[in-house]
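Me: I would like to learn how to read helix packing. Can you take me through a case?

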Amino acid sequence: MDQIIYLVYILSFVIGMITGLLLSYKKYTEPFVSKKIDIIALVISIIGWILFLNSQIIIVIPQYISITIGLFLVANVLGMRPGYGRYELAIGFAVSGIIWILGMILL
C-alpha cells in the first residue's frame, strides 16, 4: 500500500510541475525581468507548503491527501517559467516552517 501512496505523490508532483509551467507561460509572455511578488503564486505556495509540511498537525484531512494536495500546489509554483516563483516559494516555505515550529512547541 505504501508504494501506491508514493506513486500518487510522484504523480501529483509531476502533474503540478507541468500545470505550473503551462500556466506561467500563458501568464508571463516575456523572460524574467520583474522582481514583483505574484500574490496568487504566494498564496498557492503558502497553502501548499502548509499542507505538505504540517500534514501531521492537520487532523481534519487524512495525511496522505494533505501531502498529495500540498505537493501539487508547491509543484505548481516550483514549475513556473524560469525566474518566476522563487520568492514565493521561499516565503511559503518560511511561513510553513514557522507554523511547524510553533505547532511542535505548542503541542
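Me: In which hand does H1 pass H3?
Reply: A crossing is right-handed if the near helix is turned clockwise from the far one by less than a right angle, and left-handed if anticlockwise. Here H1 passes H3 in a right-handed crossing. Helices are DSSP runs (H or I, at least four residues), numbered from the N terminus. This is a predicted model: local features need pLDDT of at least 70, side-chain atom pairs count only at pLDDT 80 or more, and totals for chains, interfaces and linings use all residues. Residues are numbered from 1 along each chain as its sequence is written, and side-chain values use heavy atoms, with hydrogens and water left out.

Me: At what angle do H1 and H3 pack?
Reply: Two packed helices are described by the angle between their axes and the distance between the axes. Axes are lines fitted to C-alpha atoms over the stretch in contact, and angles run from 0 to 180 degrees between N-to-C directions. H1 (residues 2–27) and H3 (residues 63–78) pack at about 25 degrees, with their axes 7 Å apart. So H1 is roughly parallel to H3 (angles under 35 degrees).

Me: Which residues make the contact?
Reply: Contact means heavy atoms within 4.5 Å. Among them are Ile5 and Val8 of H1 and Tyr64 and Ile67 of H3.

Me: What about H2 and H4: at what angle do they pack?
Reply: H2 (residues 39–53) and H4 (residues 86–106) pack at about 40 degrees, with axes 8 Å apart.

Terms used: Helix = DSSP H or I, 4+ residues; strand = E, 2+ residues; numbered from the N terminus. Parallel < 35°, antiparallel > 145°, perpendicular 65-115°, else oblique.
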